Amino acid sequence: MSHDQNDTPLDPTTMDRKRRHLLQGLGALPLVGLPTLGHAAPPPTSAVNTTKLAVTDTEVIVGQLHSATGTMAISETGSIQAEQLAIDQINAMGGILGRKIKVIKEDGASDWPTFAEKSKKLLVNDRVACVFGCWTSASRKAVLPVFEKENGLLYYPTFYEGLEQSKNVIYTGQEATQQIIYGLDWGAKEKKAKTFFLVGSDYIWPRTSMKIARKHIESVGKLGKVVGEEYYPLGHTNFNSLINKIKVAKPDCIFAAVVGGSNVAFYKQLKAAGITGAKQFLLTLSVTEDEMMGVGGENFAGFYSSMKYFQTLTNDNNKKFVAAFKAKYGPNAVIGDVTQAGYLGPWLWKAAVEKAGSFDVDKVVAASPGIELKTAPEGYVKVHANHHLWSKSRIAQGQPNGTFKVVAESPELIEPNPFPKGYQ
């Protein structure tokens, strides 16, 4: 063992100063692989759980409520996986307030009354500390009265129509002004689009999104005019009459919000009818990497999606996230926008619980505004006082191999505005 420079022994004062300096240096390192340094004793359960939630001295129970079956499973499986990955990673770090997270999984089965029933079970019977769940706005609207009545906390990962704000929900996806308006403005500027044909699945999110889109196109943004607007039931698979209407209208832009399994039929039939990315500008709010697996890159190539996240983002946070996701779920696993937003939920909850020093819902909610996640795969997010996230918006073009190439990104984070003036 060598000594300093001239090999003279160190006096006790210098030794003590060096030891303190070393320990300070270690304090700046993450406590991975340094078990000897230990952790402070976790706070007593009586101090962190005053509302009879499912919290013990060693664990905290949360709920997961997504469609593992039915037409929405194609979209929701990624959220289930990403939330579990985040929870596993948090547990590997020692959990939250010294407690490991245990998950009770419930299947909403693509059926809104089932979502409501399962949310009540999780909150009333299981007393979960929070729930990560839902995808469609219809499922969120079905559970919202239950969360508000029982004072539960929901982390909701899907881009949605806005026009909602609840004390009991943290919205980790984009609202309409961040996704729809940015996308339409980009299409008008970069693709010179002046006529728009609106297509959606027939429920609240697509209908409200298209109402906002129409207002923006025709009056607020004055981009041009809407030359068609059509809606089809969830699970619908025959789009031939729609395709004929599109061919007659010859829109500059097909603006689409078709969801779930219907996307597969929609894009295959467009291609079969000769409507391809090479000839037609199409911008969708609802095809992520998850849907692309079913749709097929060859059927979507050349079309565009407006999202805040794509798997191909090149920042360091995302490289780590993608590597961890594929290590857990296989090399062919893909990650879409809502999957990434699902991953944010457990981390945002952890940060809020630790800031509050409590699992109590009211305290966690009060601690949430202003929380930043610098490790977010999308780059960086921050919780707004309105419970939505500041985030960037991006446009990407579908590639034949099923990936996306990002072609535009908002220069700054877009402030969430769930109740934009002039759009109601």
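The lining of the largest pocket has 10 nonpolar, three polar and four charged residues. Here Ala, Val, Leu, Ile, Met, Phe, Trp, Tyr, Cys and Pro count as nonpolar, Asp, Glu, Lys and Arg as charged, and the others, Gly among them, as polar. Please keep in mind that this is a predicted model, where local features need pLDDT of at least 70 and side-chain atom pairs count only at pLDDT 80 or more, while totals for chains, interfaces and linings use all residues. Residues are numbered from 1 along each chain as its sequence is written, and side-chain values use heavy atoms, leaving out hydrogens and water.

Let's stay with the pocket. About 350 Å³ of space lies in it. Of its 17 lining residues, Tyr343, Trp347, Leu373, Thr375 and Ala376 are the closest to the centre. A pocket is an open set of points on a 1 Å grid where a 1.4 Å probe fits, with protein on both sides within 12 Å along at least five of seven lines, and lining residues have an atom within 4 Å of a point. Helix H13 (337–356) and helix H12 (316–329) each give two or more residues to the lining, and H13 gives the most, with six. Helices (H or I, at least four residues) and strands (E, at least two) are DSSP runs, numbered from the N terminus.

Now for the strands. Five of them form an open sheet in the order E2-E1-E3-E4-E5, with parallel pairing. Strands E2 (100–107) and E5 (169–171) stand at the edges with a single partner strand each, so one side of each has no neighbour in the sheet. Two strands pair if DSSP finds at least two bridges between them.

| Pair | Bridges | Facing residues |
|---|---|---|
| E1 and E2 | eight bridges | leucine 65 and glutamate 106 |
| E1 and E3 | three bridges | glycine 63 and valine 131 |
| E3 and E4 | two bridges | phenylalanine 132 and tyrosine 155 |
| E6 and E7 | seven bridges | leucine 198 and glutamate 229 |

Right-handed means that, with the strands pointing away from the viewer, the path from the first strand over the helix to the second runs clockwise. E6, helix H7 (residues 204–220) and E7 also make a right-handed β-α-β unit.

Conventions. Grid points are joined across faces, edges and corners, and a volume is the space filled by probe spheres set on the points.
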